[in-house]
Amino acid sequence: MLMRMAMSLAASGVAPRLAASVAALMSVAAAGAALTGLTGLTSLAAARDAQPRFVISGRVEDPHHLMPGDAMLTVGFDRDGVPYGVPVTMTAAGAFATNWLTAGSYVLTVIRHPYSETQRPVPMGLAVARIVDRDVTNVTVTVMPDVAVEGRLRTKSGAPIPAAVAVTSCLADEGVRLAGCVAAQRLPDGRFVLRNAFGPRLLHVEDPSRPAASYVPQVMLDGRDITHVPTEFSAQPVGTLQIVLSPASAPQPSAGTTGTP
């Protein structure tokens, strides 16, 4: 099932990091199986089990009756620069409880059509929860109506935008930034669409065909510079969103919206 999910999400192009998360989980599972019977397994398990474990529980609410039968709840998190997404069991009434988790930040996301081979997986709602030293209860994940925000890419020099340039919206919460990334859909003439970009986010621009930080982007919303300002884009679907790209004179470290998320 995880293999099918990874292939479906990777093919969709909407949530490539979630697909990578599932693939990473399969690799971890395979590695764990390979370690069975090895001498070092006991010490590794002991170190892992020494960390306190907690549970996040709550309910998924669907006030607009939008959630399809194939919707899935995941708990996502970043670890050592790698995003992960793990399916969470949910009852017919929407109640859920995660498996054991260590202290840290987590994003719970409801995803529509996660296994579809013909439809793009799309987030439908999310909530961020932080574990400190005890279980986190009564977390509510609300399924929201679809929101599409259209923006435009342009270069400061007026040169055409390379087709490989991608725009990604990532959560501004440390610890779930990568796990909460959603890729924008590129349209002709430099336009792009953010779909269901829930939660405060920063926009990132990258071009896989060029070195990291090839561009220095400036993000403008209704004439305001929000390059480094976490913004709830889903709350402003009619705003004028524009990303102006300037070529970097030299490789620069990733910060805010520059280069890879």
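Biologist: In which loop is the place of Asp-62, and between which strands?

Modeller: A word first: this is a predicted model. Asp-62 is in the loop between strand S1 (56-61) and strand S2 (72-79).

Start with what Asp-62 touches. Set aside its neighbours within four places in sequence, and Asp-62 is in contact with Met-67 and Val-143. Its side chain also reaches backbone atoms. A polar atom of the Asp-62 side chain lies 2.8 Å from the backbone nitrogen of Leu-66. The side chain of Asp-62 reaches the backbone nitrogen of Met-67 as well, at 2.9 Å. Both distances are for polar contacts, which require N or O atoms within 3.5 Å.

Now look across the chain. Asp-62 and Met-144 are 82 residues apart along the chain, yet their C-alpha atoms are separated by 7.6 Å.

S1 and S7 run parallel, joined by five bridges. Glu-61 has Thr-142 in S7 as its bridge partner. Strands of a sheet pair through backbone hydrogen bonds, either parallel or antiparallel.

S1 and S7 belong to an open sheet of three strands, in the order S4-S1-S7, with mixed pairing. Strand S4 (95-97) and strand S7 (136-142) stand at the edges, and each has a single partner strand, so one side of each is left without a neighbour in the sheet. From one strand to the next, the twist averages 25°.

Phe-77 and Tyr-84 form a stacked pair, 5.5 Å centre to centre and with 20° between the planes. Phe-77 has a relative accessible area of 14%, so it is buried. Tyr-84 has a relative accessible area of 18%, so it is buried too. The cut-off for buried is under 20%.

Phe-77 also pairs with Tyr-106, edge-to-face, at 5.5 Å centre to centre and with 65° between the planes. This pair links distant parts of the chain: Phe-77 sits in strand S2 and Tyr-106 in strand S5 (residues 104-112), 29 residues apart. Tyr-106 is buried, as is Phe-77. Phe-77, Tyr-84 and Tyr-106 form one aromatic cluster.

For comparison, turn to another sheet. Six strands form an open sheet in the order S11-S12-S8-S16-S14-S15, and its pairing is mixed. S11 and strand S15 (224-225) stand at the edges with a single partner strand each, so one side of each is left without a neighbour in the sheet. S11 (residues 185-186) and S12 run antiparallel and are joined by two bridges. Arg-186 has Phe-192 in S12 as its bridge partner. Four residues lie between the strands of this hairpin, and Asp-189 takes a positive phi near 65° there.

S12 (residues 191-195) is also joined to S8 (residues 148-155), antiparallel, by five bridges. Arg-152 stands opposite Arg-191 in S12. At the other end of the strand order, S14 (residues 215-221) and S15 pair in the antiparallel sense over two bridges. Met-220 stands opposite Asp-225 in S15.

Last, step back to the whole protein. There are three helices and 16 strands. Of the 261 residues, 46% are buried. Among contacts with a separation of 6 or more, 71% join residues 24 or more positions apart.

Methods:
Residues are numbered from 1 along each chain as its sequence is written. This is a predicted model: local features need pLDDT of at least 70, side-chain atom pairs count only at pLDDT 80 or more; totals for chains, interfaces and linings use all residues. Side-chain values use heavy atoms; hydrogens and water are left out. Buried means under 20% relative accessible area, exposed over 50%, partly exposed in between (1.4 Å probe, protein chains only). Contact means heavy atoms within 4.5 Å. Two strands pair if DSSP finds at least two bridges between them. A polar contact is a pair of N or O atoms within 3.5 Å; within protein, one must be able to donate a hydrogen and the other to accept it, and residues adjacent in sequence count only if both atoms are side-chain atoms. Axes are lines fitted to C-alpha atoms, for helices over the stretch in contact, and angles run from 0 to 180 degrees between N-to-C directions. Rings of Phe, Tyr and Trp (its six-membered ring) pair if their centres lie within 6.5 Å; planes under 30 degrees apart count as stacked, over 60 as edge-to-face and the rest as tilted.
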